[in-house]
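My entries follow the display.

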Amino acid sequence: MMSVRLYNTMTQQKEEFIPREEGKVAMYTCGPTVYNYFHVGNGRMLVVFDMIRRYLLYKGYDVTYVQNFTDIDDKIIARGLEEGMDPLELAEKYIEEYFKDAEALNIMPATVHPKATEHVPEMIEIIKGLEEQGLAYAVDGDVYFAVDKLPNYGKLSRRSLEDLQAGARVEVEEQKRNPLDFALWKKAKPGEPSWNSPWGPGRPGWHIECSAMSLKYLGAGFDIHGGGGDLVFPHHENEIAQSEGYLHGETFARYWMHNAFLTVNQEKMSKSLGNFFTVREILEHFPGEVIRFYLLSTHYRSPLDFDDENLRMAQKSLERLQTSIRLADEALGRKGQGEVGEESKQKLKNAALEARQEFEKAMDDDCNSALAYASMFELGKAINSYLQSFPYYSEELKFARTTLWELGDCLGFDLAKSASQAPKDNGKLEEVIELLIEVRAKARQKKDWEMSDLIRDRLKDLGIILEDTPQGARWTIKN
Ligand code: AMP
Ligand code: ZN
């Protein structure tokens, strides 16, 4: 079997993936900070790493996947204050909500979902170790990591300490010896959740959480560390500094993988910019598998722009695959009448073999799910054209149908389940709605408001909501 090549941010190239231990993969990703429902941008990161994990499983690896929850942090505390809710309870609530949306996107639960608040003793252990080595210093209840004590700080983001210092904002934080030093432990402020420590009551900094939780569950030198591209600096750089400092220079993680952003008008979707849509909201308009299909429709290292039109296109594409499976299943239930040449059967079988080969080639090359889709569409087309002349049972049809289903399954789609739920309208419903919108637009041009309103109201009775925008009418189906 061909090996997988993965792009490693550390070396800035694709490398053959060779795990630490044969047949096993140890993987860690930085999970959400839980003070809200997660947005589709976070969803991209979650779905991308779920896809990578599933492909490694497909290749026969035994994968241990750890994804943390940051359940204590400035933003959680601020949000708790706003809502008059205990921050830890607030975090707990959004952890529960996380699992609902993750399930809708068919994201497999991690092997372990550690919470930061349950690993404070492990974090304190690491900070103590760093202090003993002179890599950390305490000032009045706070503890900082001393970046200039580490020879290769900046190796992941490829920035030298000098460059970083030149670009650093000069903050009036006299406590720090170097403006780039970062907090390992933060002294408790009144009213905030806190834990006891050798430096007094306080709470951990964000970066140390991930070092402690990944090392606890995966050990030093684990295989893949992932997250969104925004985490390269400073978060992952700091995780490396602390962990490798603590491990006396031993490698912390071997392959660093980062997904590109989900953008809105070319800008990163983010909570702080306020340009975000939660997965929960989108689920009111599109099924989870459509959102997932859309999120994997572009290679994970290329930016992906978010809009309704792209989602609708993804829905159509996914439905095409579902329809091929459904039509194949219907045909498989019919005993053969009429003749089909051996040649057509062989052609279909070869199309299936080729699709799997192309699929694996695409996925082996840094998990190119966009290209993997192309191989599935090819096979879908081959099935459809075969069915036109022979819509009955054959071994070859069964083989092609199973292949297509398995490729979908590898990426986290159950093409058969969704197909049976899909309306049996041959995908014509959308076209009929578009047609009615066109007729209504004509009526409006003629100022026939009665007709225009009739169309809108009758569609509304059916749960199809029209909304007039400057770009024309948009529609959604309420379930
Ligand atoms: P956060 O809750 O902001 O800590 O983010 C959780 C994860 O989602 C991190 O791995 C981020 O890098 C990732 N992430 C956040 N925003 C985006 C975005 N717009 N596109 C892709 N990934 C993102
Ligand atoms: Zn992290």
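I looked up Cys210 and found it buried, with a relative accessible area of 0%; buried means under 20%, exposed over 50% and partly exposed in between, with a 1.4 Å probe and protein chains only. His235 is likewise buried, at 0%.

I note that the model is predicted: local features need pLDDT of at least 70, side-chain atom pairs count only at pLDDT 80 or more, and totals for chains, interfaces and linings use all residues. Residues are numbered from 1 along each chain as its sequence is written, chains are lettered from A and ligands numbered from 1 in the order written, and side-chain values use heavy atoms, leaving out hydrogens and water.

Cys210 belongs to helix α6 (residues 206-218) and His235 to helix α7 (residues 232-246), so the pair ties together parts 25 residues apart in sequence. Helices are DSSP runs (H or I, at least four residues), as are strands (E, at least two), numbered from the N terminus.

Of its 15 residues, 12 are buried, among them His236 and Glu239. The buried residues of α7 pack against α6 and β9 (222-228), among other elements. After α7 comes His248, with a positive phi near 55 degrees.

Notes. Contact = heavy atoms within 4.5 Å.
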